[in-house]
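Dear colleague,

Please find below the structure that I am handing over to you, followed by an account of what was found in it.

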There are 2 protein chains.
Amino acid sequence: MRFAVIGTGMVGQTLADKLVALGHEVMLGSRTKDNEKAVAWAEQAGPNGHHGTFADAAGFGEVVLNATSGTVSLAALRAAGADRLAGKVLVDVSNPLVFSAEGELSLNPVNTDSVGEQIQREFPQARVVKALNTLSAPVMVDPGRVPGEHNLFVAGDDAGAKAEVVSLLQEFGWPAGSVIDLGGISSARGMEMLMPFWIQLMRAFGTTDFNYSFKRAE
Amino acid sequence: MRFAVIGTGMVGQTLADKLVALGHEVMLGSRTKDNEKAVAWAEQAGPNGHHGTFADAAGFGEVVLNATSGTVSLAALRAAGADRLAGKVLVDVSNPLVFSAEGELSLNPVNTDSVGEQIQREFPQARVVKALNTLSAPVMVDPGRVPGEHNLFVAGDDAGAKAEVVSLLQEFGWPAGSVIDLGGISSARGMEMLMPFWIQLMRAFGTTDFNYSFKRAE
């Protein structure tokens with residue numbers, strides 16, 4: 001299958017590496033045509049790794065993964081082009097982190113809106129699924145880094161798109177039963193609002209190799 | 001020991017019941033002297049159960065639990081009186097939930113502030129510890145309702161106060177190792193921002209008998 005990964009940071013490259021390792025074709029998209037990181041990534045990725053602009057990538061991919069920072073995701077996806085996103089599953093992995101000059105973390109949007117919702121509103125033809133924004137990139141593609149059973153979450157208005165994303169997560173190594181469906185895309189709000197807590201846990205644990213696991217009464 | 005529980009709702013009554021069952025003396029505080037719910041609670045609680053105003057309760061308790069809605073906590077604690085809170089451990093259990101006319105949930109304060117921080121700022125002599133706001137009241141006082149190991153969190157600027165709260169949580173049935181220290185009171189922000197996610201999970205699971213459990217690499 002052909003995937004577009006929008007964003008050349010650590011999350012984007014980790015997802016792109018995993019997709020290539022699984023035998024898929026991947027184009028890593030960046031703002032400019034010859035972004036140094038995207039070129040370097042494609043060179044080491046082998047024949048199934050490609051690079052291009054956001055628009056090139058979105059045109060190439062049958063499925064699009066948004067791995068940009070949530071504060072610039074709309075701009076990146078506008079550059080990708082609404083027509084190239086129409087009808088496609090768009091997995092939104094972003095978190096809208098804002099760091100103040102003092103290093104204090106906040107989110108924007110937050111509370112009454114989310115990046116997932118912003119994207120779905122602006123690109124109504126895209127089949128947006130919020131997923132994978134609740135844990136570190138290495139664990140996203142290698143759940144075995146964390147022992148035992150632990151959970152991922154999906155939110156989106158298109159049930160078929162969510163089912164496709166759950167299949168992709170199974171390819172990444174996540175048992176189907178580990179993925180909890182939180183409902184419509186407005187649930188992206190609660191998923192994005194986890195980030196400050198996640199960062200506090202990272203500081204408490206001294207590692208990014210941890211994840212949510214929900215215990216509940218049967 | 002003598003406890004003040006500020007707030008007569010389900011959370012306050014559940015905590016008050018548990019404290020009485022553990023042999024403590026409890027005064028349930030409300031805005032007015034003869035609040036119907038507080039009187040009824042004290043009558044069924046036996047000789048160790050008392051009722052009074054917020055100020056009566058804060059004067060009575062050696063430890064104060066804030067179980068009011070987070071949107072009115074500051075007003076309730078102002079009525080309790082800064083002098084009656086000074087030097088005492090103040091456990092802030094609140095969440096600042098706001099429901100719009102359409103039933104949509106948001107938080108206020110959020111993102112760049114929290115109820116826990118507001119309380120600590122306004123009552124600098126109180127030893128504020130954010131705790132227990134991350135799960136349902138029945139599970140707060142009976143962790144065995146949820147199978148296996150699962151976690152609570154504390155945040156506060158006073159290490160001694162946090163240690164006292166961890167002891168209290170152990171009385172409630174929580175193993176000491178189940179309580180994760182998230183650092184200073186500013187971490188109340190991340191804890192309060194969990195609530196939209198918790199509500200989504202409640203809808204997905206169809207029960208409030210669930211809780212966070214963190215899996216991590218050793």
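Which residues in helix 6 of chain B are buried? They are B:Val115, B:Gly116, B:Glu117, B:Gln118, B:Ile119 and B:Gln120. A residue counts as buried if 20 or more other C-beta atoms lie within 10 Å of its own, as exposed if 12 or fewer do, and as partly exposed in between, with C-beta atoms placed from the backbone. Helices (H or I, at least four residues) and strands (E, at least two) are DSSP runs, numbered from the N terminus.

Please note that this is a predicted model, in which local features need pLDDT of at least 70 and side-chain atom pairs count only at pLDDT 80 or more, while totals for chains, interfaces and linings use all residues. Residues are numbered from 1 along each chain as its sequence is written, and chains are lettered from A and ligands numbered from 1 in the order in which they are written.

Helix 6 and the sheet of chain B

Helix 6 (residues 115-122) of chain B is mostly covered, with 6 of its 8 residues buried. Those buried residues pack against helix 4 (73-80), strand 5 (89-92), strand 8 (127-131), strand 9 (152-155) and helix 9 of chain B; residues are in contact if their C-beta atoms, placed from the backbone, lie within 7 Å.

Chain B holds an open sheet of 8 strands in the order 3-2-1-4-5-8-9-10, with mixed pairing. Its edge strands, each pairing on one side only, are strand 3 (49-53) and strand 10 of chain B. From one strand to the next, the twist averages 25 degrees. Two strands pair if DSSP finds at least two bridges between them. Strand 8 and strand 9 of chain B pair in the antiparallel sense over 2 bridges, and B:Lys130 stands opposite B:Ala155 in strand 9 of chain B. Helix 8 (residues 159-172) of chain B lies across strand 5, strand 8, strand 9 and strand 10 of chain B, at about 45 degrees to strand 8 of chain B. Axes are lines fitted to C-alpha atoms, for helices over the stretch in contact, and angles run from 0 to 180 degrees between N-to-C directions.

Chain A

Chain A has 10 helices and 11 strands, and buried residues make up 51% of its 218 residues. Strand 4 (residues 63-66) of chain A is covered on both faces: A:Val63 and A:Leu65 are buried on one side, A:Val64 and A:Asn66 on the other. Strand 4 of chain A pairs in the parallel sense with strand 1 (residues 2-6) of chain A over 4 bridges, and A:Phe3 stands opposite A:Val63. Strand 4 of chain A also runs parallel to strand 5 (residues 89-92) of chain A, joined by 4 bridges; there, A:Val64 has A:Leu90 as its bridge partner.

The contact between the chains

The contact takes 37 residues from chain B and 37 residues from chain A. Strand 11 (residues 210-216) of chain A and strand 11 of chain B run antiparallel, joined by 7 bridges, and A:Arg216 has B:Phe210 as its bridge partner.

Yours sincerely

Conventions
Contact = placed C-beta atoms within 7 Å.
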